[in-house]
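Biologist: Before I use any labels from this model, I would like to hear what each one rests on. Please show it and take me through them.

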Amino acid sequence: MEFPITIIKNDREFPFQIHGFKARHHIHTRKEIFEFWSDAGAGVRGFVWQNIYAARIFDNIRFAKMYYEDCEIQSRLLNKVNHVYLSELGNYYYVQRDGSTLHSPTNICKILDDFKATIPYIKQLIIYNAERNLIVKCWITTTDRLINNYVYFGSEKLKMYYKTLNNLGINYSEILKNDSISSKIKIKIIICKIIGLDLFCKLRNLAYKNQ
């Protein structure tokens, strides 16, 4: 069962908009469940604290010791969920604080854990035959984020994650046809797929130096 969320920041309260949340709605297929948690194609929505779970769902499942542990666990938890009820009763108060994962400077560990959490979720969307445009949007936003981070960090682990993303079967036509993503981002991703991650980043850095 999932409850609404209220954000608390600087002594102010405002509702957190969960895409697709409809009070008193029952989600009962894995396809719909994974689509609901995809954050409208932005990646994987974390936030497990506003939910009530049957105890059996956590059998042999524990949070990983990493950043974005609430996002990472979703792929494993939702594979054991058969029904989700969206309740209008009750509320979860989410306090925003300085120094939290979302409100602290980035680092390479946070960046790597982002993709460790998100890529398995995209794989689950594919397995459960989620709406294709949603899968493609999720793939594009994740790939774009990875390319941008690789420019600055150049991690071999990021390169491995990039290879994994490229092996998920998203083709050029699907990228270009996705209207929810800007043309600039789509062209960048296609060029990167054609010439490779390292060469793309070298040319991008060279272009910035010559500006």
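**Labels and their cut-offs**

Modeller: Trp 37 has a relative accessibility of 3% and counts as buried. The model is predicted.

Biologist: Why is Trp 37 called buried?

Modeller: Buried means under 20% relative accessible area. Trp 37 is at 3%, so the label buried applies. Phe 36, at 6%, is buried because its value also falls under 20%.

Biologist: What makes Phe 36 and Trp 37 an aromatic pair, and of which kind?

Modeller: Ring centres have to lie within 6.5 Å, and planes over 60 degrees apart count as edge-to-face. The centres of Phe 36 and Trp 37 are 5.1 Å apart with 85° between the planes, so the pair is edge-to-face.

Biologist: Why is the pair of Phe 58 and Phe 63 called tilted?

Modeller: Their centres are 6.3 Å apart and their planes are at 45°. Phe 58 and Phe 63 belong to one aromatic cluster with Trp 49 and Tyr 53.

Biologist: What makes Arg 45 lie over the face of Phe 36?

Modeller: The distance limit is 6 Å from the ring centre, with an angle limit of 35 degrees from the ring normal. Arg 45 is at 4.8 Å from the ring centre of Phe 36 and is listed as lying over its face.

Note on methods
Residues numbered from 1 in each chain as written. Predicted model: local features only at pLDDT ≥ 70, side-chain atom pairs only at ≥ 80, totals over all residues. Heavy atoms only, no water. Phe/Tyr/Trp six-rings, centres within 6.5 Å; stacked < 30°, edge-to-face > 60°. Buried < 20%, exposed > 50% of the residue type's maximum accessible area, 1.4 Å probe, protein only.
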